[in-house]
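Please keep the sequence and the structure in view while working through the numbered points.

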Amino acid sequence: MNILPFVRTRRLGKVSVSAVTLAHGGGGKAMKDLVDDVFVAAFDERGEPLEDQARFDLNTLGAHGDRLAFTTDSFVVDPLFFPGGDIGKLAVCGTVNDLAVGGARPLFLSCAVILEEGVAVDLLRRVTRSMAQVANDAGVRIVTGDTKVVPRGACDKIFVTTTGIGMIPVGIDLGVDKACPNDVVLVNGLLGDHGAAILCARGDMALETPIESDCACLHGLISALLAAAPGTRFIRDATRGGIATVLNEIAEASHVSIEIQEERTPIREEVKAFCEILGLDPLYLANEGKIVAVVPAHQADAALAAMRGHPLGAHAAMIGRIGSEIEGRVTMRTTFGGRRIVDMLVGEQLPRIC
Amino acid sequence: MKYVDEFRDGEKARVLISEIETLVASMALPPDRPLYLMEVCGGHTHSIFRYGLEGMLPKEIELVHGPGCPVCVLPMGRVDDCVAIAEDPKVIFTTFGDAMRVPGSKKSLLQAKADGADVRMVYSPMDALDLARRSPEREVVFFGLGFETTMPSTALTILEAESEGIRNFSVFCNHITIVPTIKAILDSPGLQLDGFLGPGHVSMVIGTAPYEFIANFYRKPMVVAGFEPLDILHSIWMLLKQIKDGRAEVENQYARVVPDAGNDPALNAVSRVYELREFFEWRGLGSIDHSGVRLREAYAQYDAERKFTIPNVRIADPKSCQCGEVLKGALKPWQCKVFGTSCTPEAPLGALMVSSEGACAAYYQYGGQRRQAEVV
Ligand code: SF4
């Protein structure tokens, strides 16, 4: 209930200290100032009164589809800012993409942050501005949130959790168990950029590479794909664990085999070289702007054209096919003419000694 | 990468494979006795799996994945020593990535890190030295491991620390040397090997001369091989030629990188800084004389073994673990009793499951729990 709307009038510049302190999590004035000045100012310029919950009109929601999609994800990344993105952009794109790969139209996000005492207010501002910018570009609204401050050392600078709501249009029904023999496997571009960019940005290896994270909101590309190939069986964004992990999940859930072709799998030369040096496999590197889609063969060309027609799909490629050889097995034909198994990754990829 | 692509040309591979097939066919081998070729180096094992080479070769050739992954031959007791050093609160313990997961008798370095030890992954010993410069109040210990490949860079780092007078840096030296190891394998009873793919990186440092005894004394052919898939196929072809001609020589396929005489500056640094240990314990292979090095007295202040009290307890490998047999080529990884059941990369019992260069992990990752034979 909105008893004293004028109390909520927001003024900027109320936070004058340069670092977050425990008081900013205390629930009192310091906290309110931080929320108003840093979060609300970035996320909600409409000046609506703040409530403890966001409220949605069901009729408006219903106009977008017949099922609600709901997802949540937490983001912890070191460093917070990296070439091609930052934790805020990641937190918005990640959740938007989790909705979009289910065919949903992303609409609303929440944003909860855990701040380490001592984190610079300016840094936080940069993160929230980046979130606001990306959300705005993506046409989604950040409508509710939460802030906690923990003592120094209890977390690493900033952790962000975003939850998202979207609507799935009538008739779209994607599933990881729906792949059939002869379907094709598509990706929308160069793989492994995010994983490589983050590893480079950590700076503890003396490697300078021009690799940028591919972090992006993919719902536009996905709706173009679904319009061109309405028979699409399944879409997933290939984040942690890379495309190898997604392919294994499909093979297992759909009881099929998958074979991909190394020479068709788009990977930037720099990423290849980087992996070569460290003994990593790009198929397992994380992406933040790449999907794997399984499409019936007769719609493959249309799907590919639709993706290539979108700015985030310029390097889209058909990388392989669903088969029926041995259930659950993913293999790769190497450029060299050999064939290897692409298994689930165990633990984290660690660079080899030499 | 353009340069490298030359060595990954599928067309050239097909030509080589068919030449290998012709050679093998002309040798009239008995059906139940394939040719056993051992690649000594973990980097080769990795490439063989990465490019699916095993499946491309005629079935008369069997590749045996040798002891060349330094992480895989690290005994449990040594990992315990690392953990003991790392748990000292004044220490920052630095190590290469894949050494973090090797099981000790109680925990791995990764688990020690989770329990609060300051363990950090570095990409070279110079990074560790740099950390020491930046953290003067802490003692930075670098876990020096690897064959002659990594030995010079550790030695050069110690020399650099000395010239700068850095005092809070030391090396827990577990470097090992390849030649006595190959000799130990050649001496093991019931050996069935017909030839060796010699390690490319190690040879860059030591050259090819140290392997002459393999050809002269043991009458086994060796070809020092590069790491690209064409290098490996080419080297296999060279080995087969030797076998067919009844020759046993040390040949250098990797001459574009490996000078026959080795690399002088690297060798100088190595001999300045290290001396041979009488014995060194290997995982699965037992103690091999003169197979490890330690720091010379002159560099005692950079020797973690002298700076810290190290438990140095010998821990026997778990009974069910058959790493030794696999390392010597007597068993294929999947024939080990615990492969894929109680020994997996998530919870490795033996060290061959740890590094992606280890034969067991490579089979598990690139061959699945299913046998490689199924793949092609
Ligand atoms: S399966 Fe495990 S115990 Fe057996 S040989 Fe391989 S690493 Fe050693």
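1. Helix 2 (residues 10-26) of chain B and helix 12 (residues 229-245) of chain B pack at an angle of about 20°, and their axes lie 10 Å apart. Axes are lines fitted to C-alpha atoms, for helices over the stretch in contact, with angles from 0 to 180 degrees between N-to-C directions. Helices (H or I, at least four residues) and strands (E, at least two) are DSSP runs numbered from the N terminus.

2. This is a predicted model, in which local features need pLDDT of at least 70 and side-chain atom pairs count only at pLDDT 80 or more, while totals for chains, interfaces and linings use all residues. Residues are numbered from 1 along each chain as its sequence is written, chains are lettered from A in the order in which they are written, and side-chain values use heavy atoms, without hydrogens and water.

3. Which residues of helix 2 of chain B meet helix 12 of chain B? Among them are L16(B), I20(B) and L23(B), while the helix 12 side includes L233(B), W237(B) and K241(B); contact means heavy atoms within 4.5 Å.

4. Helix 8 (residues 151-164) of chain B packs against helix 13 (residues 264-273) of chain B at about 65°, with axes 8 Å apart. This angle makes helix 8 of chain B roughly perpendicular to helix 13 of chain B. Their contact residues comprise 10 nonpolar, no polar and two charged.

5. Over all chains, 45 salt bridges are counted, each a side-chain nitrogen of Lys or Arg within 4 Å of a carboxyl oxygen of Asp or Glu. One of them joins E259(A) to R333(A), with the closest N and O atoms 3.6 Å apart. This pair links strand 9 (residues 257-261) of chain A with strand 12 (residues 330-333) of chain A, the two residues being 74 residues apart.

6. E259(A) and R333(A) also belong to a network of salt bridges with E325(A), R329(A) and R339(A). Within it, E325(A) and R329(A) pair at 3.7 Å, N to O. Is R329(A) buried or exposed? R329(A) is buried, at 3% relative accessibility, whereas E325(A) is partly exposed at 49% (buried means under 20% relative accessible area, exposed over 50%, partly exposed in between; 1.4 Å probe, protein chains only).

Technical notes
Angles under 35 degrees count as roughly parallel, over 145 as roughly antiparallel, 65 to 115 as roughly perpendicular and the rest as oblique. Ala, Val, Leu, Ile, Met, Phe, Trp, Tyr, Cys and Pro count as nonpolar, Asp, Glu, Lys and Arg as charged, and the others, Gly among them, as polar.
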